[in-house]
Amino acid sequence: MTALPRRDFLALGAAAAAAALLPGRAFAANPAGTKLHGLSAFGDLKYRPDFMHFDYVDVNAPTGGIFNFAPPNWDYNQSTETFNTLNAFTLKGDAPPRMEMCFDALMVAALDEPDAVYGQLAESVTISDDRNSFEFALRPEARFHDSTPLTAEDAAFTFKLFRDQGHPKLSVALKFLVDAVVVDVHTLRLIFSGKQSDRTVLNVVQFPILSKAFYTANPFDSSQLNPPLGSGAYRVGRFSAGTSIEYDRVADYWGRDLPVNRGQNNFDIIRIEFYQNRTAAFEAFKKGEITYREEFTSRVWATAYDFPALAAGKVIQHEFPAEKRPSMQATAVNQRREQFRDPRVRQAIALCFDFEWTRRNFFYGSYERSQSCFEKSDFRADGLPSPQELALLEPLRAQLPAEVFGTAVTLPASDGSGRDRKLLGQAAKLLAAAGWKRSGDFVVNDKGGRLSAEFMVDDDTFVQVYSPWVANMKAIGLDATIRLVDSAQYQARQATFDFDLLSAAFSFSATPTRDDLEVFFHSSTAGVSGSRNLPGISDPAIDALINAVGAAKDRENLTVAMRALDRVLRARCDWIPSWFLANHRSAYWDMFGFPEQKPDFGFPVEALWWFDKGKAAKIGKG
């Protein structure tokens, strides 16, 4: 699951401050009290106050048509297999992906910059002298879909609601929000305690703004199948709970001509259908019922794209480059279970995974072995720690594994046999050192209890992929099993940490914030239901390194802190990295247009592509 993703911040101001508006001016260098049109973490703001549109869009893209796609990523409490609520911003329930398209935010990310946001609802933002208060001038023309004004009252209500009742993805970033003040009808002030990261505001400004009137009349919980009142480019159209949903483009959308919106949101209808297994979804694509999908099963990509529509040129297979953002596909080992608290047990489990055999037999030679929680980025640690990294790590030496101070921990390559005796022997020794002794077919502790490990999955594909891993765990004495559950049960058990082992995929911002990392790795989220801290990491040393990330004043120091954090996470083996793919494996019916240059930091096909009537007519879908 990915979510799409959090950014970071700087500023550029009004025309009267033209000298301060040159790209590259650092955030801290901007004077307090200046109205800024954009924010970026370290001063790398590309677009000037008078920009007309983002460079990666086609402002001449036509509108119209239906885009029926299988979402490749989702966020909050969303699911691609079912839905039972239209509230995507609470913890409980399963919401459909892309509900966020129905809402506007104070600011939105530029996808060709690593950490920049620009005004959507907000015309400008002004930062206080102490950097703890942010005042937003809202656009007076902003409207909800029922034509009622969107005001500072709605925005203040939203931030307080998310802080107190929102999904952890929202509430964690708002934990240091002291108040959201309505200065006047079009002016909002967010006041933080001073404990927040410098870059917290970059996450917060991208949160959807809700209608106070709607959520005063309707409960903010997972019971809602009443379409919420939004203000965005789309509204909820026809839907059947758990089966399908359509988002209708708002013809009189108030923000259609804003620079941050031009050239986007071109489809009249965006439709999502829900399938509980991959085979059914692929069959729907082959028939043209779904018109865009990303392929995440190597076997299917290598062997199953031989159907008539592809042979006739009606369907295109194409690989688009992946984003320049750190990503993680890994298995969480749940340390809320006592048997997994010893890192040697987690390391033994990791050694049982034979990636080389899996790559050859299941992945058709695709995928690369992942070694880091921040793969595909400069934040991946390599070799020995640099002097700058050691400056962060040395004060924590007594709390850290010794391996942190050597060459960055990597999982060894196997002999590709599927049962590498050398690696399994090392795993068995680690279990013995952790106090697990062999007794018949199993290892047991000093009370005679078995070391059990259940892999929870929600798709038959993962049963196949992980069965050899489980077999190797059994070979060294674990009572290892796989449990296949339905999507609703999977979502609920993940949110409440009711599992032993669970695999997941995530993407981070190109400029991670402290709030981003806290959701995944900080002790404060280990007990927060719905957080991404699936292993239950609770370590003061990791907390300190996350704080160092938040305190970084430039990209060089951010990279140093991230690499130091990566070293510790890899040595602890809280997450067992598995594999990654360098590209998006996309397949689509040849009825769309899209910009020639894909942006480096995002790939929202549903927002950037458009329906091409001429192409559609040629393949009988006009």
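Hi everyone, let's start at Arg 256, which sits in the loop between β11 (244-249) and β12 (269-273). What we're looking at is a predicted model, so please keep that in mind as we walk around. Arg 256 is partly exposed, because its relative accessible area is 47%. Its side chain reaches the backbone oxygen of Ala 251 at 3.4 Å. If we set aside neighbours within four places in sequence, Arg 256 is in contact with Ala 251, Asn 261 and Arg 262. Ala 233 lies 23 residues from Arg 256 in sequence, and the two C-alphas are 7.3 Å apart in space.

Before going further, a word on confidence. The protein chain has an average pLDDT of 91, and 95% of the residues score at least 70. Residues 1-31 are the stretch to watch: pLDDT stays under 50 there, although the model gives that stretch 126 contacts beyond four places in sequence. Where pLDDT is low, the predicted coordinates should not be read in detail. With that said, on to the loops.

Beyond four places in sequence, Glu 81 touches Gly 242, Phe 274, Tyr 275, Gln 276, Asp 458 and Ser 487.

Another loop residue worth a stop is Asn 533, found between α14 and α15. Is Asn 533 buried or exposed? Asn 533 counts as buried, because its relative accessibility is 0%. The Asn 533 side chain makes a polar contact with the side chain of Thr 525 at 3.4 Å. Its contacts beyond four places in sequence include Arg 336, Phe 497, Val 519 and His 522.

Helix α15 covers residues 540-551, which is 12 residues, and it spans 16 Å from first C-alpha to last, close to the 16 Å expected at 1.5 Å a residue. At the start of the helix, a side-chain oxygen of Asp 539 comes to within 2.7 Å of the backbone nitrogen of Ala 541. Buried residues of α15 include Ala 541, Ile 542, Leu 545, Ile 546 and Val 549, and Asp 543 is buried too. Among the elements covering the buried residues of α15 are α10 (387-393), α14 (514-521) and α16 (555-572).

Now compare that with α1, residues 152-165. Helix α1 has 14 residues and reaches 20 Å between its end C-alphas, close to the 20 Å expected at 1.5 Å a residue. Among its buried residues are Phe 157, Phe 159, Leu 161 and Phe 162, along with Asp 154. The cover over the buried residues of α1 includes strands β7 (133-138), β8 (177-184) and β9 (187-192), as well as helices α2 (168-171), α3 (200-204) and α4 (212-217).

Last topic: salt bridges. How many salt bridges does the structure hold? There are 38. One of them joins Lys 169 and Asp 75, with the closest N and O atoms 2.8 Å apart. Lys 169 lies in helix α2 and Asp 75 in the loop between β3 and β4, so this pair ties together parts 94 residues apart in sequence. Lys 169 counts as buried at 14% relative accessibility, and Asp 75 counts as buried at 4%.

A second pair is Lys 553 with Asp 198, where the closest N and O atoms are 2.2 Å apart. This pair links distant parts of the chain, 355 residues apart: Lys 553 is in the loop between α15 and α16, and Asp 198 is in the loop between β9 and α3. Lys 553 is exposed, with a relative accessible area of 60%, while Asp 198 is partly exposed at 34%.

Arg 163 and Asp 164 also form a salt bridge, with closest N and O atoms 3.0 Å apart. Arg 163 is partly exposed at 24%, and Asp 164 is exposed at 53%. Finally, Arg 337, Glu 454, Arg 483, Arg 493, Asp 498 and Asp 500 are linked in a network of salt bridges.

Notes
Residues numbered from 1 in each chain as written. Predicted model: local features only at pLDDT ≥ 70, side-chain atom pairs only at ≥ 80, totals over all residues. Heavy atoms only, no water. Helix = DSSP H or I, 4+ residues; strand = E, 2+ residues; numbered from the N terminus. Expected span 1.5 Å × (residues − 1). Buried < 20%, exposed > 50% of the residue type's maximum accessible area, 1.4 Å probe, protein only. Contact = heavy atoms within 4.5 Å. Polar contact = N/O pair within 3.5 Å; in protein donor to acceptor, adjacent residues only side chain to side chain. pLDDT = per-residue confidence, 0-100. Salt bridge = Lys/Arg side-chain N within 4 Å of Asp/Glu carboxyl O.
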